[in-house]
Amino acid sequence: MSKNKELNYISAFSYLFKVIKPYKKWYLTAAAISLILVGTNLINTIITQMLVDNSMNGNFSKIMSSLIVFVLLILTNTCLKYTSGICVSKLSSNTSRNIKCHIAKTLLHADYKEIIKIRGGDTLSSVNSDTGNVCNFIAGDFIGLFSQFTMAIGALVYLIYVNPLLAVVTFIYTPIGMFFTLSLNNKMGKLYSVEADYKGEALSVVEQALSQIPVIKSFMMEKQIKNKIYEEYNKVYKTAMNISIWNSLMQPACSSTAQMPKVSYMIFAGYMVMRGHLTIGTFIAIFDLLDVIIAPSVYFPFMLNGLNSSIASMNRISRLENISQRDDTRKISYFNGLPEIKANDISFEYLENKPIIKGFSMCHKGNGIIALCGESGSGKTTLLDIISGLYKPKEGSIAVNGTISVMSQETYIFSMSLMENVRLVSPKSSDEEVIEALKLAGANEFAKALPNGYYTMLGEGNTSLSGGQKQRISLARTILQNSSIWLLDEPTSALDAETESIVIAAINKVSKEKLIIMSAHRQSLIDIADEVINLKGADMI
């Protein structure tokens, strides 16, 4: 996987603006509403001041007119906040969908050598938890960042307009309080990336354990796996506790930042009221407005806290989004003529200086069966993967004329009916065509015996299948796809002798119209081959 530079605050905001760009109208609408709310809140402050002062003066007509405006402002603010909430929800939901779809698209087109390095649980954590974390920040703090600060600036300007000295005395402690909260926030920020990675690692261990329960039980490995899971989640716990310690210190720091200006205001503004330099209405109205001005000084450290957590998530998402994409040097052309494969002096290795395949060449045009033989580790499956395009050779070139279907040793069964599991490779195929493919693959008898026949639900939590049954479903997919070239990896390895004979007959039959390249251990498969290629590790014969 490509190594990516960790995001900082500037690049993080650049990333956020990039992901919300397709839906910027929702963000701009919410931002515009925030500006309007600044104005309505300032008007609300003035109306509050007038209500109090007119009540003290006994001016009934002005009290009534102020009350009407006050009620209208409340209704206006309610409508504006409702509209803003809808915009934020649309922004967050659409952004979440786009990020997840982009990750999926990137992984589907990624270099297969990079894909197999990714831990499944870690990827799921990024797709779900990390994406949710980023989108929650967009819906909350990212919008709040604009609204809180614009409102605070407007309110502070009003306070300075009323009395500059009062503004200075009220907020003299704020820089000191923010210094403490930002220092604490910096401590937590360094821990969020560590916590996010630990969570992904722990989820991967759990995922592996759940997928290998039969193996774990058969080897009585429950205790070892339990200890491994505990160890991984213990690292998450310790990191989370460190974050919690700093976070608990932030609470009183933020509280002092919020309360000290109010104490300062009460003392100094109270003195001004007693001296007749400030009306009671103005005193009460500005005191209510203090929360709006103070909010960003308290909110900003928490916003940074959320941003640090989101940056950790953005970094993990970026690692997936920037994974190396497949550079398919294999030339494929689709035509109605005879299938053809040309491999010229290709070499391949998983580990540096430890070649699996070295200097292999072959040229075949036309239909028939080619059997790849050799001991385990000689490169049979790897060669099929190179022909299919999963891997590209380190050296040499390979050209393929014709469409390809692959039947691997590991058959994945999706959570859907047997019929749909086969039809996945050819969505427009009729039920009759799927059933015919199942018959040719020797899968029809067990398919009819399932609880709901061809429409029995398979996959996680549904009907379980044996290795041989899965293998026949995989062959049925290959048959239904009807490509000109079939790549079969040990197609009868999990079959009994009777079923194997059915599958071999099917392979023999279609080989008159297809080019079939298969890895083979069993002599029964080798016997039907028109050409046999022996692979001996890095030495090709």
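Predicted model: local features only at pLDDT ≥ 70, side-chain atom pairs only at ≥ 80, totals over all residues.
Residues are numbered from 1 along each chain as its sequence is written, and side-chain values use heavy atoms, with hydrogens and water left out.

**Overall picture**

- The protein chain holds 17 helices and 10 strands. Both are DSSP runs numbered from the N terminus: helices are H or I with at least four residues, strands are E with at least two.
- Of the 541 residues in the protein chain, 47% are buried. Buried means under 20% relative accessible area, exposed means over 50%, and partly exposed is in between (1.4 Å probe, protein chains only).
- Take the contacts in the protein chain with a separation of 6 or more: residues 24 or more positions apart account for 80% of them. A contact means heavy atoms within 4.5 Å.

**Helix α2 with helix α3**

- Helix α3 covers residues 60-108. Its axis lies 9 Å from that of α2, and the two pack at an angle of about 160°.
- Axes are lines fitted to C-alpha atoms, for helices over the stretch in contact, and angles run from 0 to 180 degrees between N-to-C directions.
- The crossing of α2 and α3 is left-handed. Left-handed means that the near helix is turned anticlockwise from the far one by less than a right angle; clockwise gives right-handed.
- The contact of α2 with α3 involves 19 nonpolar, 13 polar and three charged residues. Nonpolar covers Ala, Val, Leu, Ile, Met, Phe, Trp, Tyr, Cys and Pro; charged covers Asp, Glu, Lys and Arg; the others, Gly among them, are polar.

**Helix α13 with helix α15**

- Helix α13 (residues 431-440) and helix α15 (residues 467-481) have axes that come within 8 Å and cross at roughly 125°. That makes α13 oblique to α15.
- The crossing of α13 and α15 is right-handed.
- From α13, the contact uses E433, V434, A437, L438 and L440; from α15, it uses A476, I479 and L480.
- Seven residues of this contact are nonpolar, none is polar and one is charged.

**Aromatic rings**

- A pair of aromatic rings is described by the distance of the centres and the angle of the planes.
- The structure has six aromatic pairs. Rings of Phe, Tyr and Trp (its six-membered ring) pair if their centres lie within 6.5 Å; planes under 30 degrees apart are stacked, over 60 edge-to-face, and the rest tilted.
- F17 and Y27 have ring centres 6.4 Å apart and planes at 90°, so this pair is edge-to-face. F17 sits in helix α1 (residues 9-20) and Y27 in helix α2 (residues 24-57), so the pair ties together parts 10 residues apart in sequence.
- F17 is partly exposed at 44% relative accessibility, whereas Y27 is buried at 11%.
- Y412 and F414 are also edge-to-face, with centres 4.9 Å apart and planes at 75°. F414 is partly exposed, at 35%.
- One aromatic cluster is formed by F348, Y350 and Y391.

**Positive phi in two loops**

- Most residues other than glycine have a negative phi.
- N482 is not a glycine, yet its phi is positive, about 60°. N482 lies in the loop between α15 and β7 (485-489).
- E490 is not a glycine either, and its phi is positive at about 50°. E490 lies in the loop between β7 and α16 (497-510).
- E490 is buried, with a relative accessible area of 6%.

Terms used: Parallel < 35°, antiparallel > 145°, perpendicular 65-115°, else oblique.
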